[in-house]
Amino acid sequence: MIHSLFLINSSGDIFLEKHWKSVVSRSVCDYFFEAQERATEAENVPPVIPTPHHYLLSVYRHKIFFVAVIQTEVPPLFVIEFLHRVVDTFQDYFGVCSEPVIKDNVVVVYEVLEEMLDNGFPLATESNILKELIKPPTILRTVVNTITGSTNVGDQLPTGQLSVVPWRRTGVKYTNNEAYFDVIEEIDAIIDKSGSTITAEIQGVIDACVKLTGMPDLTLSFMNPRLLDDVSFHPCVRFKRWESERILSFIPPDGNFRLLSYHVSAQNLVAIPVYVKHNISFRDSSSLGRFEITVGPKQTMGKTIEGVTVTSQMPKGVLNMSLTPSQGTHTFDPVTKMLSWDVGKINPQKPPNLKGTMSLQAGASKPDENPTINLQFKIQQLAISGLKVNRLDMYGEKYKPFKGIKYMTKAGKFQVRT
Amino acid sequence: MTDSKYFTTTKKGEIFELKAELNSDKKEKKKEAVKKVIASMTVGKDVSALFPDVVNCMQTDNLELKKLVYLYLMNYAKSQPDMAIMAVNTFVKDCEDPNPLIRALAVRTMGCIRVDKITEYLCEPLRKCLKDEDPYVRKTAAVCVAKLHDINAQLVEDQGFLDTLKDLISDSNPMVVANAVAALSEIAESHPSSNLLDLNPQSINKLLTALNECTEWGQIFILDCLANYTPKDDREAQSICERVTPRLSHANSAVVLSAVKVLMKFMEMLSKDLDYYGTLLKKLAPPLVTLLSAEPELQYVALRNINLIVQKRPEILKHEMKVFFVKYNDPIYVKLEKLDIMIRLASQANIAQVLAELKEYATEVDVDFVRKAVRAIGRCAIKVEQSAERCVSTLLDLIQTKVNYVVQEAIVVIKDIFRKYPNKYESVIATLCENLDSLDEPEARAAMIWIVGEYAERIDNADELLESFLEGFHDESTQVQLQLLTGIVKLFLKKPTETQELVQQVLSLATQDSDNPDLRDRGYIYWRLLSTDPVAAKEVVLAEKPLISEETDLIEPTLLDELICYIGTLASVYHKPPSAFVEGGRGVVHKSLPPRTASSESAESPETAPAGAPPGEQPDVIPAQGDLLGDLLNLDLGPPVSGPPLTTSSVQMGAVDLLGGGLDSLIGGTNFVAPPTAAVPASLGAPIGSGLSDLFDLTSGVGTLSGSYVAPKAVWLPAMKAKGLEISGTFTRQVGSISMDLQLTNKALQVMTDFAIQFNRNSFGLAPAAPLQVHAPLSPNQTVEISLPLSTVGSVMKMEPLNNLQVAVKNNIDVFYFSTLYPLHILFVEDGKMDRQMFLATWKDIPNENEAQFQIRDCPLNAEAASSKLQSSNIFTVAKRNVEGQDMLYQSLKLTNGIWVLAELRIQPGNPSCTVRAPAPTLRPWSLPFVPCQGVVLVEDAVQASLQAWLEPESVRSLKRTFLESFHIHPVRLPR
């Protein structure tokens, strides 16, 4: 099981260590540093590193490496999932997860870590339960604590911990009872030079924010549940009812949670809402190249595409670019060779366009690789897969809750090859 | 006001200041001080000097302070064991606290304090907590048992905690069940033999119920535990699968992968005709695809596992090729894995898409990735025959880009394509030759030389091309040198007239000016071949080469099956069985897929049946590189891996051996101008060697007078069948103990480690009494002698023939199986002398039809000698008499399993043969059916062996005599 945890910042300092079994010397991280050196970028550090006596499993998030040390055969996914959970918890507690924030809250961090694992076994990882055990720091609470001498540590056993619904605490009370659901879909796609789709898939989630009094029992039904053939549920969802009736039936956790994530695979036709026209040409031993991109709407079901940004990693041979956008702003970093163009909203009548020249290294032959264009965008009020919620019902409580459903489509890893 | 203030220190005497604060009267100040101490601890600062002061703060009502002190204790108790005792009282008191949170906290912390002295005090509170009314306390206590076991295993067993823990599996609370399973699994891992998790249909049912209700982490433990269970038939397997399938929709990827493991394993038991089998296959694909949309670290582990799954059951993901397409900003470790799986999934249906993608990747920035992509194109060509032409033209396109590393990589794979499809794509050679000058990597140069040599007859200027390489011969790497040597010899055999000079030149370069023994040896072989028999040379050098197989990097099927059982673990990430890398190899149990058993058939499954897929399914893998024959001829393009030599290689092997071993040492000192003229015939080497070793074996057999006859070591496992490991051995019995004397020889080219041995059940329950101890890794060509003590307390199963022993030997490379026959006399016990009266009574009771009679020919022993000789093999003379000039010996012996065998031995002086009449053993009931005549035959062999141990050739006998005389023991004078 998980022996120890080291937090390492991008400059290679270990700024926190926690041991759940015996103390493992921090020199074990030297193997990690070696691997870090070998990998050119932080993202490329392999997640599993063997050392003579231990294994180091790491995740890289918020520019921090979370390195777990294990000694025996442990499912690596278990460790990696847990590490991600640690990061999520920190984020949940402190709003952001960064080195200064962790250092500022080191005692709470330590207490939380202690609650999350016992002897390497996960103990409490549900944010609801953790927050009852260790209350998140707020300014008000800090002030109160200093005056009254009370603490952040709850002295009662969390009620949810052992109940049949461990994710929900009892005795929840709200004056406004609300339940909001966000259906968010991300399109991952690779579009080739000629504009045809090589692969496209949709990663969808339904995030919920439920603030309801008591023990509400909710059911959520869809207009077209057949779309959901590959789903992962929050533990609260009753799987049997889904299997038989295609209805989501659950007692929700209190607050924010991810009810469901789903995947619409490459085999179903995925509508691509934008097109990118590009004309990028390098010529052999010429110091100038031409560059032009146009972004326009394609299958948007009548909705507006907003928040469009275009980024592209240009080849090393590009020294500078002089471009004019028809709208928005653009930057080119001559050091990292990163071009980014903040487009904003797309007006279907006047597709935005970025045009100009590139100055290339004189005399060098044309670059081997073609830049890939990365696209970000958002479409409000649309789930591109066509998924629609039919209705939401509540049982078990008397009051009438306020219900809301929101749809959104975003670009995930949306790449256009040139 | 943040915690960062705890890090700020005044310059002098930080510890001193903290000490003062810790001893302050003010509660608030105390707490702040403890927080400072904890803060120092988190950054690895040593604050152990404050131990007594911190422990003093322990007795408090403030829960936060208590927790902080506990945190501190866990870290430093080990360095201050005496001080830690001070804390015990508080712990014991807290274990009685009315608040379950505090009870749990106390028992939990106590378990973390790894100090022997504390463990004694821990037992009572722990026992109470295990039976606590509050499930939260019980589940914490369950984990505590695992902690305690880690510190003091004996104590845990003595106190009966393991049984309590087993009871907790039936607890009403699913969280408690999950933690109990987790704790038991961890304990079982360190004690593989303990059989703690006794899985039966009832307990499985309990686990499956708990599975639905416990937390995600608990589900992982339970699923991993379920995976170790072998259902009794396909119906049970199916019902478990049905209950596990919902886990595939879990948000936690570790749960999903553990569920996949259970399903993949149990699926093995389901019949393929079953509807359910097809449904299950369909259900497995989506969750695997979903894993790929997770964070990159999770993707990596998932991909490594998918790689295994795709090899085992390609049908699951055959339509999902597109999800493995690489995004340009994937981390490199994800890219490389995706590429690997793309090739495995490539088929005629999707090859066009795959090739288009691969071509795209070949223009990316990352060099490693580009290289692998180019290589992948070659692998596609070899795998999907219809696509070969397309692949070749894609590769040619890439060569036109003139990007140096792309060109080199392309040439290396084109060479492989030539080996798969000879005489098909030679038209491209011209294009390849254009790029000759840009090749600077040894592998690419060697590949190019191979191509030129192989197709020398079609390349007009082949001699010029090869000559150009020859100029810098000594600066080339070995693989290029070897290739150049072979290439030029090929060229010579094809165009003898114009290349004589060239071949002379390369032979002398290789044999005279090189320090590399491989190169020299190969040079000499060619030289000799060419000078003695050019026709034979042609046959050898230009022999038709075996085609390379479709996929050379497939995991070997038995290993694959084992790895499937380890899905989701580190083993699956490394594609090695845990025994190959888990520290110390402790606690490693080989897992194998369950055999397919229909419910109608009897549910008995052989316990140690060799794991593996049915033989029919094994793909025919010809190692592309590294087989000795191929290596010798011209395929030496990469570092040779150990592989079984081809069957035709016996002659070649001899030659290699002879030249490699014998000549090399001869040549070592002197400089030969020409190769030696008279080579020793290859066949002579071996007999001399083995004769000598025989001799020594025999002498050692005689030297141990108290022991019985020892047969010379025989080869049990030839190197060819065991990837280079040769095992020969024999059995001995000495002073009441049986042992198996093994000689392990490493004939492979890589170091062997991690040896282990196991026997199948056998007629006499022979089993290793100790693990196979090979202390140092076995390096190539090294031999090690091991005596493995055997016991006869293993499980018993009748074998055919009776003395058959099936053995499995494992090393870091693989598991190998062989069977051998052990001589029965090793089972004759020392107290096998039967009482005279009893002998007489029994002898009479044996019915005549149970008797067997046989003659031992050429046995020039007198009665005395025979008797003493037999006695040394624990065949005892009960009585002796002389009837009509014949000596009658009445013999008895007893087997380890308590069976008596009686025999009458008749010896006629002067007649060099004696007759043995032996009634079949019927005295004791066998625990198993025993075929009488077979037993007698074995006894016959044993007697014969014991007697004939005297009958070696004259030379050995004389040696033996001197040996005995030196010990003042006079050998029995032979009657002749």
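Reply: Let us begin with the salt bridge, which is a side-chain nitrogen of Lys or Arg within 4 Å of a carboxyl oxygen of Asp or Glu. This is a predicted model, in which local features need pLDDT of at least 70 and side-chain atom pairs count only at pLDDT 80 or more, while totals for chains, interfaces and linings use all residues. Residues are numbered from 1 along each chain as its sequence is written, chains are lettered from A and ligands numbered from 1 in the order in which they are written, and side-chain values use heavy atoms, with hydrogens and water left out.

Me: What makes the contact of Lys128(B) with Glu96(B) a salt bridge?
Reply: The closest N and O atoms of Lys128(B) and Glu96(B) are 2.7 Å apart, and that distance falls within the limit for a salt bridge. Lys128(B) belongs to helix α7 (residues 116–130) of chain B, whereas Glu96(B) is in the loop between α5 (81–94) and α6 (100–112) of chain B, so the pair ties together parts that are 32 residues apart in sequence. Helices here are DSSP runs of H or I with at least four residues, strands are runs of E with at least two, and both are numbered from the N terminus.

Me: Why is Glu96(B) called partly exposed?
Reply: Buried means under 20% relative accessible area, exposed over 50%, and partly exposed in between, with a 1.4 Å probe and protein chains only. Glu96(B) has a relative accessible area of 49%, and is therefore partly exposed.

Me: Why is the ring pair of Tyr55(A) and Tyr574(B) called tilted?
Reply: Rings of Phe, Tyr and Trp (its six-membered ring) pair if their centres lie within 6.5 Å, and planes under 30 degrees apart count as stacked, over 60 as edge-to-face and the rest as tilted. By this rule there are 24 aromatic pairs over all chains. The centres of Tyr55(A) and Tyr574(B) are 6.0 Å apart and their planes stand at 50°, so the pair is tilted. The pair crosses between chains, from strand β4 of chain A to helix α31 (residues 570–574) of chain B. Tyr55(A) is buried at 9%, while Tyr574(B) is partly exposed at 21%.

Me: What makes Lys335(B) a charge over a ring?
Reply: The term requires NZ of Lys or CZ of Arg within 6 Å of the ring centre and within 35 degrees of the ring normal. The charged end of Lys335(B) sits over the ring of Phe369(B), 5.1 Å from its centre, and Lys388(A) lies over the face of Tyr407(A), at 5.8 Å from the ring centre.

Me: What makes the phi of Lys63(A) and of Lys337(A) worth a remark?
Reply: Most residues other than glycine have a negative phi. Lys63(A) has a positive phi near 60°, and Lys337(A) has a positive phi of about 60°. Lys63(A) is in the loop between β4 (55–61) and β5 (64–70) of chain A, and counts as exposed because its relative accessibility is 59%. Lys337(A) is in the loop between β18 (329–333) and β19 (338–344) of chain A, but is buried, at 13%.

Me: Why is helix α36 of chain B described as mostly covered?
Reply: Seven of the ten residues of this helix (residues 863–872) are buried, among them Ala863(B), Leu870(B) and Ser872(B). The helix is followed by Asn874(B), whose phi is positive, near 65°.
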